[in-house]
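Please look over the sequence and the structure shown below before reading on. The paragraphs that follow lead through them step by step.

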Amino acid sequence: MNNESLRIEKFEYDNKIVRNFGVAMMGWGLIGFLVGIIIASKLYFPSFLGNISFLSYGRLRPLHTNAVIFAFAGNAIFAGVYYSLQRLCKARMWSDLFSKIHFWGWQTIIVTAALTLPLGFTTGKEYAELEWPIDILIALIWVVFGVNMLMTIYKRRERHIYVAIWFYISTFVTVAVLHIVNSMELPVSFLKSYSMYAGVQDALVQWWYGHNAVAFFLTTPFLGIMYYFIPKAAERPVYSYRLSIVHFWALIFLYIWAGPHHLLYTALPDWAQSLGTVFSFMLIAPSWGGMVNGLLTLRGAWDKVRESPVLKFMVVGVTAYGMSTFEGPMMSLKNINALTHYTDYVIGHVHLGALAWNGGVGFAMLYYVFPKMYRTEIWSKKLANWHFWFATLGILFYAIPMYWAGIAQSLMWKEFTPDGALRYPNFLETVLQILPMYLIRIFGGTLYFVGGVLGVYNLYRTARSGSLMANEAAEAPSRDSIPLIANEHDKTWHRMLESKPFKFTAFALLAILVGTIVEFMPTFLVKENIPTIAEVKPYTPLEVQGRDIYIREGCYTCHSQMIRPFRSETERYGDYSKAGEFVYDHPFQWGSKRTGPDLQREGGKYPNSWHFLHMNDPRKTSPGSIMPAYTWLYDDNTDWANTEGKIITLRKLGVPYPDGFEGSALDSAKAQANTIAADLSKSGNAISSDKEIVALIAYLQRLGRDIKLSKTASN
Amino acid sequence: MYKNVLETMHDVHIYPIISLILFLVVFTAMLVWALRKDKGYLDEMAAKPLEDSEGDTQHSVHSLHHS
């Protein structure tokens, strides 16, 4: 080949889209961190910000998680992808219009989330709380992103597809599959729907989604960003490209199986739990492969780490990635999971990931791209160092108290006296013990937030000191002058595969579908996996209404409904949970964290009047409680109008309400509400039967009753 | 029909075994393939992010001459 056959093409990289996503990442990031500090404060000062429904803990917590995952990390991903993809493909993004639709569409999704979640519109499935119209919008915008990315790869002026792009492709296909499968829901109204799955199946789908959202939204795209920006900032090639190939395929193939480790000791079939454990444990290998590859790329360049804020954040990020991906598999072992699950240990673990890994890599990327795009230097290296230290110390002050609190509380839950009784039978006692840790956590979170503010200010001043090169001129040999397959030796099947983005995408899709199908098929199709219990009956219409209030208020963010088969739990909460108890739960409400006690056998434990007083002011019945008061439930009326629609929708999903039952559903609900209101009135708590608190009490009193009644009957 | 076959299938434990075999096959195949990659290709790819620095067009042209 000679120079004459190479046609050099001139083109421009789109920097403006990178800048826009970067700015969005910073703005939403600060909001997400701030909401985090607010809800952390609410766990120490439960009356903080007063009793306002849309500022209550249960509604703000999903806002915090969604903001940090989808707004902060999401925009970071897109900024990193749009910057690196164009350069690795030596091509401008395929369509400026698609880039713009992607950007504004994604911000619209975030704004609608920020409005609907505090207003209580939620599906009640963690990290997938957004209601069905927003779910559809997410799917559409995600496809716009994917098409734009794949077409850019297709139109590239580069023979090979670098490993970072593999990670981006796997992110696109897997998140699409996860989002669509987990969001299958049947609408009742414009902003209310029920999950298509129930109970155990819903739990399996949800945690397959939840875990792989961590894998393919918070891990693979950030690994791609790491693989581009570490070599860039260190000016060194990747330590081992061979290792990157092995760890890419191993990672995406293994991750998809690991979801059930969120459901150990639950009512999920045992074989599925074991599968989750084994694959999670194996995940250490590819995860650490990635970490080692990232860190060893810095070999011989460690002096640069001292100087470069980009590399400092990268090193902390990648190291935290290594720690999190060691913790994860450890917590997937049943004996360790028995100790850490439902506790603050998990909260420490996820914040190590989000703040250090996602935040570290995200900010490193910003510190790299902003000076480049604005043709200037970082405004203040000193301030960047301050950001780094605030962030690093913030993470330590956050994570360590959470680890401590988690283990301490868990040991207290499990401690027995020599006589065989629970040492701390009152759950609240174990909460009061760890409150100082909650205070330190607020401090840690605030440090991280302040660091973020310094970082944003520094990047703002950096931008001000230069001027944006919105369209960066570049040139490369034209696509048709580059042979995609250079010679005979190049014709290995993978070389062919990786040169064709669509085939590569199909192959990556196959890798993640295998695990999905093997795991889902039996649970969905083999009846023996979900043994039904004759005594378990569908909820009454009033209980359905009460359950929807429970979901709306985000009760699942602090209360589980899943008693594990340990003596320490059956002593405290009652009989352990059975798969058959949840067959009418659309969605399931097993929860993942016990800031308060489990509620699965709550029904009948206390009289109606206790719940009435407790929900109005938890500290009246439980001195020292950190639960928020739900005063608005005493003012607002239950939305009776949708009762019929809810029954019809649930029947369509398989709940066996008799034909025509919807016609009498409202009367049934009102009759039951009158009975409860009359009982409350007898205890001196007069209230209209139309109020929401009555419906909620009906639901709480139903929890676990079917099993209890059947036991009483058989005795 | 397939649904009925599955419903009557009692030995659900076949699934973990399938998964194990699948994993071993995929992993071994991928490992063998990665180990057989030639060094020139690996080195070129490892330096790929560095190409778009100033003067990278030259670098691309250069690497093409060698292919």
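Helices (H or I, at least four residues) and strands (E, at least two) are DSSP runs, numbered from the N terminus. The model is predicted, so local features need pLDDT of at least 70 and side-chain atom pairs count only at pLDDT 80 or more, while totals for chains, interfaces and linings use all residues. Residues are numbered from 1 along each chain as its sequence is written, and chains are lettered from A and ligands numbered from 1 in the order in which they are written.

A residue is called buried if 20 or more other C-beta atoms lie within 10 Å of its own, exposed if 12 or fewer do, and partly exposed in between, with C-beta atoms placed from the backbone. By this rule, 13% of the 67 residues of chain B count as buried.

In chain A, helix 2 (residues 57-89) is mostly covered, with 32 of its 33 residues buried. The expected span of a helix is 1.5 Å times one less than its number of residues. Helix 2 of chain A should therefore span 48 Å, and the 45 Å between its end C-alpha atoms agrees with this. The helix has a kink of about 35°, centred on A:Ala67; the bend at a residue is the angle between axes fitted to the seven residues ending there and the seven starting there. Just after helix 2 of chain A comes A:Lys90, with a positive phi of about 50°.

Chain A also contains paired strands, where pairing requires that DSSP finds at least two bridges between them. Strand 2 (residues 185-189) and strand 3 (residues 192-195) of chain A run antiparallel and are joined by four bridges. One bridge partner of this kind is A:Ser193 in strand 3 of chain A, which faces A:Pro187. A hairpin of two residues connects the two strands.

Consider next the nonpolar cores, which are sets of buried Ala, Val, Leu, Ile, Met, Phe, Trp, Tyr and Cys residues joined through C-beta atoms within 7 Å. The largest has 183 residues, and A:Phe229 and A:Met314 have the most contacts inside it. A second, separate core of 31 residues includes A:Tyr556 and A:Met615.

Finally, A:Lys537 lies in the loop between helix 18 (501-525) and helix 19 (541-552) of chain A. Because it has 14 C-beta neighbours inside 10 Å, A:Lys537 counts as partly exposed.
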